[in-house]
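Here are a few exercises to work through with the model open beside you. Try each one before reading on.

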Amino acid sequence: MGPITVIGVDIAPELALSEHLTPVQVDLTSPEGPSVVRETVESAGAPLVGVVNNAGITRDARLVNMTDDDFAAVLEVNLGASYRLATELAPLMSDGGAIVNIASRAYLGNFGQFNYSMSKGGVVGMTRALALSLAPGVRVNAVAPGLISSEMSLGIPEEIRARMVDAIPLDRMGTPEEVANTVWWLLTPLSSYITGEVIVVGGGRSLS
Amino acid sequence: MSGVIHWAEEVGDDWARVRTELTRAFEVSRASAQAEESFVYVVRQDDLLGRRGPGNAMVATGLLSAARTAALEGSRKGWTANVVAYDDGTDPEAVQAWARRMLEAGDVTGELVRVGAGHIGKTLP
């Protein structure tokens with residue numbers, strides 16, 4: 001794979017600080033959000049070989065207590081933005097390109113995350129459907145991270161996080177790099193015969 | 001039998017319709033959970049595999065994941081959440097009967113029952 005241009009999309013302005021990215025600050029849940037990204041890609045003038053759908057938030061509560069707002073916010077960001085961005089960019093993709101959607105191990109079920117689990121389950125279905133409709137030119141897969149040492153998981157109270165780690169056969173949280181390595185593998189020809197799959201990066205937690 | 005059987009509606013590929021359908025399922029599920037009653041989602045097997053487009057796929061797989069999470073919560077309170085998936089051409093009465101069976105089976109939760117043989121040899125959702 002030759003030199004590539006990486007366009008980073010985020011709602012937060014801090015992304016612009018990275019020298020390795022062409023930043024686009026946009027709210028992907030806004031009506032114009034995905035088209036702003038498409039215009040940036042088109043103006044870059046390079047073939048679009050990869051898309052990583054990584055937007056995600058949590059608003060946890062037991063189902064009985066979950067508010068309409070918390071349900072809607074998580075669904076709109078985690079699933080709506082991913083879907084609208086993927087369908088906006090898919091027509092621009094080069095043959096041999098790949099889309100990687102970030103799901104979550106929570107798609108298998110996770111206490112207190114009805115909204116998050118539903119949204120990430122939806123990402124899995126979207127991945128399968130796009131894999132079928134974009135084949136044979138473009139591959140579409142999903143990565144489902146488990147407990148990863150990230151801003152999201154570090155918000156979990158320490159005592160609960162320790163119990164969660166105890167249930168992981170590899171006995172630790174994963175690192176963002178370990179998720180990124182899997183994403184990279186799915187973007188490259190190293191995984192050229194894989195499409196429509198969900199790869200769980202969870203340290204074996206789905207077995208314990 | 002006490003509980004709710006929720007059939008997923010056709011949504012096409014428009015995000016607004018997907019959102020409306022998943023929100024409808026959420027409202028039904030929350031009301032059931034608050035009443036400590038079981039529920040069953042009914043989806044098409046083809047949609048679990050994404051074979052009828054992303055809209056219907058997002059609804060079907062979203063409901064399956066939601067049922068698994070709800071099942072964890074309900075298991076502490078004595079209610080269940082399950083999913084029945086059916087092949088095209090299946091008699092709706094047969095599907096409904098399986099859904100009723102799942103409501104009655106108080107010791108089965110977080111499960112996917114597939115009516116028909118269309119899932120064999122396909123990915124496990």
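**Exercise 1. Work out how much area chain A and chain B bury between them, and which residues of chain A lose the most.**

Keep in mind that this is a predicted model.

Step 1. Start with the total: the two chains bury about 2,800 Å² between them, and 66% of that is on carbon and sulfur atoms.

Step 2. Now look at the chain A side. A:Leu63, A:Tyr83 and A:Arg128 lose the most area to chain B, together 22% of what that side buries.

Step 3. Count who takes part: 34 residues come from chain A and 37 residues from chain B.

**Exercise 2. Find the polar links across the interface of chain A and chain B, and say which elements of chain A touch chain B.**

Step 1. Across this interface there are 16 residue pairs in polar contact, and the salt-bridge rule picks out two salt bridges.

Step 2. Take A:Asp68 with B:Arg30, whose closest N and O atoms are 2.8 Å apart; this pair forms a salt bridge because the cut-off is 4 Å.

Step 3. Go to the elements. H2 and helix H3 (114–134) of chain A are those that give two or more residues to the side touching chain B. H3(A) gives the most, with 12 residues.

**Exercise 3. Describe the largest nonpolar core and follow A:Phe114 through its contacts.**

Step 1. The core has 58 residues, and those with the most contacts inside it are A:Leu63, A:Phe71, A:Phe114, A:Met118, B:Leu22, B:Tyr41 and B:Leu63. Helix H3 (residues 54–74) of chain B gives the most to this core, with nine residues.

Step 2. Pick A:Phe114. Leaving out residues up to four places away in sequence, A:Phe114 touches A:Leu63, A:Met66 and A:Phe71, and on chain B its contacts include B:Phe26, B:Tyr41 and B:Ala70.

**Exercise 4. Is A:Thr40 buried or exposed, and what surrounds this residue?**

Step 1. A:Thr40 is found in helix H1 (residues 33–44) of chain A. H1(A) has 12 residues and reaches 17 Å from its first C-alpha to its last, close to the expected 16 Å.

Step 2. A:Thr40 counts as buried because its relative accessibility is 19%, and the limit is under 20%.

Step 3. Check the neighbours. A polar side-chain atom of A:Thr40 lies 2.9 Å from the backbone oxygen of A:Val36. Not counting residues up to four places away in sequence, A:Thr40 touches A:Ile7 and A:Val24.

Step 4. Widen the view to the buried residues of H1(A), which pack against strands S1 (7–10), S2 (22–25) and S3 (48–53) and helix H2 (68–89) of chain A.

Notes: Residues numbered from 1 in each chain as written. Chains lettered and ligands numbered in written order. Predicted model: local features only at pLDDT ≥ 70, side-chain atom pairs only at ≥ 80, totals over all residues. Heavy atoms only, no water. Core = buried A, V, L, I, M, F, W, Y, C linked by side-chain atoms within 4.5 Å. Buried < 20%, exposed > 50% of the residue type's maximum accessible area, 1.4 Å probe, protein only. Helix = DSSP H or I, 4+ residues; strand = E, 2+ residues; numbered from the N terminus. Contact = heavy atoms within 4.5 Å. Polar contact = N/O pair within 3.5 Å; in protein donor to acceptor, adjacent residues only side chain to side chain. Expected span 1.5 Å × (residues − 1). Buried area = accessible area lost by both parts, 1.4 Å probe. Salt bridge = Lys/Arg side-chain N within 4 Å of Asp/Glu carboxyl O.
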